[in-house]
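Entries below, in the order I looked things up.

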Amino acid sequence: MHIQFALNRKAIEIEVDADATLLELLRDQLGLFGAKHGCETGECGACAVLIDGVPVNTCVMLAPQVDGRDVNTIEALGEHPELGWRDSQGLHPIQQAFVETGAIQCGYCTPAMILAANALLERVSHPSEQQVREALAGVLCRCTGYLKPVQAVLRAAAVLRGEHVEPIEGPIPAPPELLADFEGQPEADGFQPSSPDLLTRTAIMPRIQVAPREAPWQVVGKPEPKVDAIKLAQGKPAFAADIEMRGMLVAKVLHSPLAHARIKHIDATEARALPGVAAVLTWEDIPRVVYSTAGQSDPIPGPLDTFSLDYKVRFVGDRVAFVAAETEAIAAKALELIKVEYEPLPAILDFEKALEEGATQIHDEPEYINFADSDPSRNLAAEIRIDIGDVEEGFKEADMVVEGTYKVPKVQQAHIEPHVVVTYWDEDDRLVIRTSTQVPFHVRRQLAPVLGLPPKRIRVVKPRIGGGFGGKQEVLIEDVAAHLTIATGRPVRFEYSRAEEFFASRSRHPMRIRMKTGVKRDGTITANEMYILSDTGAYGCHALTVTGNTGHKSMALYVGDGPYRKAPNIRFYADVVYSNRPPSGAYRGYGVPQGFWAVERHMERVARKVEMDPLDFRIKNTLRAGELQPFSTAWSEGREPRPETINTCGLEDCIHQGAAVIGWGDKFGNKSWREVPNAPHLRRGIGVAAVMQGTAIPYLDMGGASIKINDDGSFNLLVGATDLGTGSDTVLAQQAAEVLGVPVEDVVVYSSDTDFTPFDKGAYASSTTYISGAAVVRAAQQVAERIRIRAARMLSQERGKPIEAEDIRLADRSAWTPDGDSVTLVEVALNALHHEDQEQIMGVASYMSPVSPPPFAAQFAEVTVDIETGQVRVDKLVMAVDAGVIVNPLTASGQVEGGMTQALGYAVSEEMQYDEHGRPRETDFRDYHIFAANEMPALETIFIETYEPSHPFGVKAVAEIPMDGVAPAVGNAVLDACGADLETIPMTPERIWEVLKGGDS
Ligand code: FES
Ligand code: FES
């Protein structure tokens, strides 16, 4: 069809297919990549553009429908302020505000959010916060918690009205005495509302109780805008799918309709004969190589039980065949033409039956390779048995023993960018894999044998990533495209649909967790025991390590008091079983949120049993600085455990400050506050959870970095670390800039490419700021040393007197003597590269940590429960966290806000369910609800800094811990509100109602 329309203020005419979507027209035909693919059903909003000034989801609009219309995409809004030739004034105020406020994390939703905001501000110059939230509600964001995007739009509105906005500066020191009095004060730190009716509920900048520094830092600790924010605000083609390649094929996978079956016969003849089909691959066509899809260091700490394609399928959604075709429609047609004859096998759909006598064996392939205590004959992917102290003796010493069983569901990471990969042969016949992954180096190592190529003939490129949350710590789809490129010799793009994300991706392990705790009447814990039955699904990826972490973190927090502090009694047993449901895997928190749902609900029960205040009970029994991490001598992700002492622990302060901010003293146990005036069916409640996480895996995780100076005094920082939207590129650049005495803008970060950047184990285990950061600091110190030596020589020659290198200080883009003489870094760089005794000043370093210093946090929730319907509304979440020194308060608080929001879904709404045939009930964002901007509670972040001595800037980690305590804090608040003592999440109205009526949860 021939259509005409206005695109970004220019008239265009173009031929389109009648059934092409507007998203396909924009991305595939016009090369405008600002509109993103996040689903196919019009629910995520990532594909939105403005049509006649109104946001429209282009994935559900046909291209011919724009005939005669006015279409505006993010590409026309504003350009880089330093672009030489440009059509605009630079960034639009909305883009600028998104950059400044930290509203951009992965940036995948950002173009659509900015356009939605633009449409609002064109109509309403003075929007309320609620109007902004309604305007953004059509765009789902899995990273931010929406707080900073809302703030950005309000800030942009003020700018567009010509008002002055305060610069965003920080950190905001908040000593305990101020925080304790905080309740009731205006919430205007950092962001000053420009008029009284523009009240926002929270400040851009979190409150920070600052750890003492040896000397004030210039860059570390400052709210620097993210180094990639400007390109993401412009919708630049930064992501894996944002690439045009001549002759690129589209891949699709045929998935199993059965939960467990043998493929008796498969015939792809008709599919191969279909015009436009380039290749069809079945298990008969590719080498049979057993591997694990878990993206982990060598050796993989789990069983090898997976094949690219197999003669057996083990869940609804398992792979049966791969197709590559000229178009998506042809590939879809080819899938229909593949004839498969299945021999159905009995399926295990209830993981609690997997260990039963006579249960069908899910992995009977002879190639299966055990790890540790895996035993496929019993459907056992991993077994853990840890005894610390003498638990039975501890129970004998207790005055009472409290028991409970808790359940957690299977939930989805739901990053808005699906898994996506592009593969092609380069001119040297090396296979290039451009993929949205958290673990580029593991992808190369693990796929090489699967593809039959030596690793050196594979190059993995990681562009920007549209969120990962552990879902992309999996070598999940790269082999599909790679096999098809090898088979066809052509570039191949493979991208999961949203439905595939739900039925053929990874998810959080569902678990049944039994707790048993011995306690004395004074509240001293004498013994604590946890037994977990964990469902790894059809494959054992991350089976051992996720479930091991559940105990390693959640059970380590409670050691008891008095003599028990030195010699706690803890038992942690777990069986991780196979079932015929989609595989579980890594998901932000890596097993720890499951553990804390059980531990913190259970501790609430124990505290109430001994009639202690929940805060006092937690302070009395939890781990403190100077004590041994009790699990450190017992377990270490399948490696040799080594003792580790906790250097820093701000948990007690977190509990006090969080309590002050949420008003614990006035609300907890206060009957008159609990009741809502004029609403007899409503009850308010308040709850708390104490949590800890880890920072990297000791003696295992390693990151590398290289830094070189350029002849303008700027630096290139190359890291193998993977920024998923967390801001890790920015905090790494800040650490380099601090050492080198330059602003962040002088550090150009590139990550990551297995050909060019140093090795890094990837983004997981909350390790990047700490591990990769330490590597960056080391590399920067090497560079700084070379600069000091050269600067001392230059200044000595110039001044005619000797100047020692160790007396030189780097600051303000210059090298300074104690007397105040200086040479600029430009002069040093020109001298080094062009003038005298030439050298490339550069540093390369790596870092592996012998410790994993835990961050700690207190999480609080305030809820309102409708006792007639069971409906719970979460009104406020507060998190006070000790994550060590905060390198960037904007990115760190963004992590907390986004993590709390994800965890809120875990608490009250998210659950993947299956029918009696193992077919998924949730395959889109309609059925699987994640929070939208207009559904959010108030969020508050407080950083209680400690100075972790094992890191040059005292940092620990913040990425995962926000996931851990929201569900139990909400559960405890529900208990406080109405007496419903929930054991199972999500806390749906049905479950709460059942418990209120006296049933099981
Ligand atoms: S709404 Fe169009 S991609 Fe999700
Ligand atoms: S920043 Fe919104 S989805 Fe990542």
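Predicted model: local features only at pLDDT ≥ 70, side-chain atom pairs only at ≥ 80, totals over all residues.

**Surface and overall build**

I began with the accessible surface of the protein, which comes to about 33900 Å², and 50% of it belongs to carbon and sulfur atoms. The areas are Shrake-Rupley values with a 1.4 Å probe, and for residues only the protein chains shown count as cover.

Residues are numbered from 1 along each chain as its sequence is written, chains are lettered from A and ligands numbered from 1 in the order in which they are written, and side-chain values use heavy atoms, with hydrogens and water left out.

The box around the C-alpha atoms is roughly 80 × 75 × 60 Å along the principal axes.

Of the 1001 residues, 66% count as buried (under 20% relative accessible area; exposed is over 50%, partly exposed in between, with a 1.4 Å probe and protein chains only). I also looked at contacts, meaning heavy atoms within 4.5 Å. Among those between residues at least 6 apart in sequence, 79% join residues at least 24 apart.

For secondary structure I get 26 helices and 34 strands. These are DSSP runs (helices H or I, at least four residues; strands E, at least two), numbered from the N terminus.

**H16 and what follows**

I followed helix H16, residues 592-609. Its 18 residues reach 25 Å from first C-alpha to last, close to the 26 Å expected, where the expected span is 1.5 Å times one less than the number of residues. H16 is largely enclosed by the rest of the structure, because 16 of its 18 residues are buried.

Just after H16 I found glutamate 611 with a positive phi of about 55 degrees. Glutamate 611 sits in the loop between H16 and helix H17 (614-621) and is exposed, at a relative accessible area of 72%.

Most residues other than glycine have a negative phi, and most peptide bonds are trans. I noted tyrosine 146 too, with a positive phi near 70 degrees. Its place is the loop between helix H4 (129-136) and helix H5 (147-160), and tyrosine 146 is buried at 0% relative accessibility.

Which peptide bonds are cis? I have aspartate 298 to proline 299, with omega about -5 degrees, and isoleucine 985 to proline 986, with omega near 0 degrees. Proline 299 is in the loop between strand E10 (277-281) and strand E11 (312-313); proline 986 is in the loop between helix H25 (966-978) and helix H26 (989-996).

**Two buried spots**

Tyrosine 108 lies in the loop between helix H2 (93-101) and helix H3 (110-123) and counts as buried at 4% relative accessibility. Leaving out residues up to four places away in sequence, I see it touch residues including Lys36, Phe239, Ile416 and Glu495.

Threonine 941 is in strand E34 (residues 938-944), buried with a relative accessible area of 5%. With the sequence neighbours up to four places away set aside, threonine 941 touches Pro206, Arg207, Met879, Ser893, Val896, Glu897 and Met900.
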